[in-house]
Amino acid sequence: MGQEVTFFANATSSTSSTLKFTLFFDYILTLPSTPNPASGRTVNITSVPGQIVVKYTYDHKGNFTGALGTYFVAKVYVDDGASNVTRQIPVYVRENAAPTFEYLPSPRFDVNASEPIDLYVFLKDVDNDPLTVTWDFGDGTIAIDYTAGAVDGVYSNQTHAWDPELAPGEPFGDYIVNYTLNITVSDGFGHTIFTLSIVTVHVPPNESPSLGLVASATVADPADTIVFYANATDPEGDPLTWTFYFDDGIVEVHTSGYSTPNTTQWMNVSHVYGAPGNFTVLMYVSDALIPNQVFPHNKSLSLLIRVKGNTAPSVSTTITAEPNSPEINLTLGNVTVRFFVDVSDADADAVNASWYLDGVLVGSNVSQAALGVHRFYLTLVFVDTGLHNVSIYATDGREGHDSMRSLNLTVSSRNLPPDLEELAFSYSQGDYAAPNETIVFTIVLSDPEEDVIEFSINFGDNTGWVYFNLTDYVDGNVTLLLNYSYASVGEYRITIRYTDNKIGILNHTKTIDALVKVEVPEVEVVQQWNWWDYTCLSVLWLSVAVIALRMVYVGYRRRKLEREGVSVEEIKLRKELTELGYLRPEEPDNGRGGGS
Ligand SMILES: [Ca+2]
Ligand SMILES: [Ca+2]
Ligand SMILES: [Ca+2]
Ligand SMILES: [Ca+2]
């Protein structure tokens, strides 16, 4: 029923050139032979021989019932004008039947989320209709399958995975989602059948992210920018919400989107505290949405940050020198001195230091960036006596954090001072020189170490100082001969200074002076005395002479000492040093001369 039927008929005639085909589709109303006046028909005129092909669709069941079902009787008349022939055939027409499921899915079945499932149905249609199979998976997915004629049975196959859409972080535990699978089959003749299955989709629990958090510094200056390197790894790659509580009232919230499952996501933030204090930074990371951002889907890590004002390194109040009174070893010709200071930095900063000797950089140190006391050493070798300044600058590299320490150090020795062996000058006549007369000064000096002697002389006539460096030792002595003349009459005090420029035992710089007379020679006047005059004068001279001789002797001894630059106290010290072995014993008379 409803299916188009094609009729074929053919005929010929020996008497006519045309044929008239009249085809009745429903010729008999009632058996055995009541014609149906309302039968549909076609009339076709053909040539000879003739044939017709006629299509017709029955819209109701046949009038009669036979072994094969209900049927109509179709009858054709062929007329050639002289005679008329007929043929008739039964046309079985029955109602179209609905297709049937020969196999279909269970009314309930379980699947795992995201797992592809193979599904099929086996269908039949007794009318051999091709079938339209509509698969509605219940999750918004629809698939349509067109089969061939289904009289012998046809398969319709589909593969599908149910993947429930869930909010980030969900589900929090064991979880199922049910879908209704609806398979609808239509044969195109108004027959539609369907089957429903409840599909239970099992969704595994969502795992919470794992976290990491480190800071660029856990001890920082208020002005420092601290970078927090935060990471999280979510097994499902859920979008994450990052919340940072900096513990100073500031909270930052950041989000990151979906990621590849089980890959590390970074969220680095920076912060400046601006003020000292101990701050516990708290980071929360959740793979869920509000209001489900609770443990275990909101995990946290914390980090203690100590913010304090950075302080300058602490440095020992003084530089320590070992030995602190260095003396040049006269055998080695030098003395080694080790200097040190102790430094520390409360912020565990590395401390850099530079050592200077008399303003010249001679060494440097750097400490580990660690708490505790670090000792900085400097070793110097001195080959000469003298006064030195040793200083050290230490800093942690921050502005205004320089510290300076300074030490004045005297390097001495057992060096002995030079001695004046002789200072002699003589007049050509009498006890004075004449103007412009050349006076020869003979100066002999000695030094136990034969050091260079710096010698200077001032002739006392406003001509200033004259300097000499004396180095030519002969048998331990250096000799200087000077010629000098005075232009005018007078008494001139000449001053002599000499030194070996060493720091050692006793005074190494000495000054002595002597008097030089310059006069115009007088003409001698001869005066006659009588014997009484001589006698009286003799008695007077004798008494004065005894006193004067004693005074002259005492004066002579003192002047001699002064010329040598030696005090009575020094004599005593020399005696002690000699007894201690620092000085060789002196000869009772070492031939020292003096001014005459
Ligand atoms: Ca059918
Ligand atoms: Ca997750
Ligand atoms: Ca510091
Ligand atoms: Ca000396």
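Predicted model: local features only at pLDDT ≥ 70, side-chain atom pairs only at ≥ 80, totals over all residues.
Two residues are in contact here if their C-beta atoms, placed from the backbone, lie within 7 Å.

Let me begin with the chain as a whole. It comprises 596 residues, of which 22% count as buried. Its secondary structure consists of two helices and 41 strands. Among contacts with a separation of 6 or more, 66% are between residues 24 or more positions apart.

The largest nonpolar core has 20 residues, and the members that touch the most others are L445, I453, I494, Y498 and V516. At least two residues of this core come from each of strand 35 (419-426), strand 36 (439-446), strand 37 (453-458), strand 40 (490-499) and strand 41 (509-518). Strand 36 gives the largest share, with four residues.

What is I453 in contact with, leaving aside its neighbours within four places in sequence? The partners are P418, L445, D447, L470, V478, Y498 and D500. Apart from this core lies another, of 19 residues, which includes V315, I328, L380 and I392.

Five strands make up an open sheet with mixed pairing, in the order 19-25-24-21-22. At its edges are strand 19 (219-220) and strand 22 (251-256), each of which pairs on one side only. The pairing of strand 19 with strand 25 (residues 298-307) is parallel and runs over two bridges. Within strand 25, R306 is the residue that stands opposite V219.

Technical notes:
Residues numbered from 1 in each chain as written. Chains lettered and ligands numbered in written order. Core = buried A, V, L, I, M, F, W, Y, C linked by C-beta atoms within 7 Å. Buried ≥ 20, exposed ≤ 12 C-beta atoms within 10 Å, placed from the backbone. Pairing = 2+ DSSP bridges.
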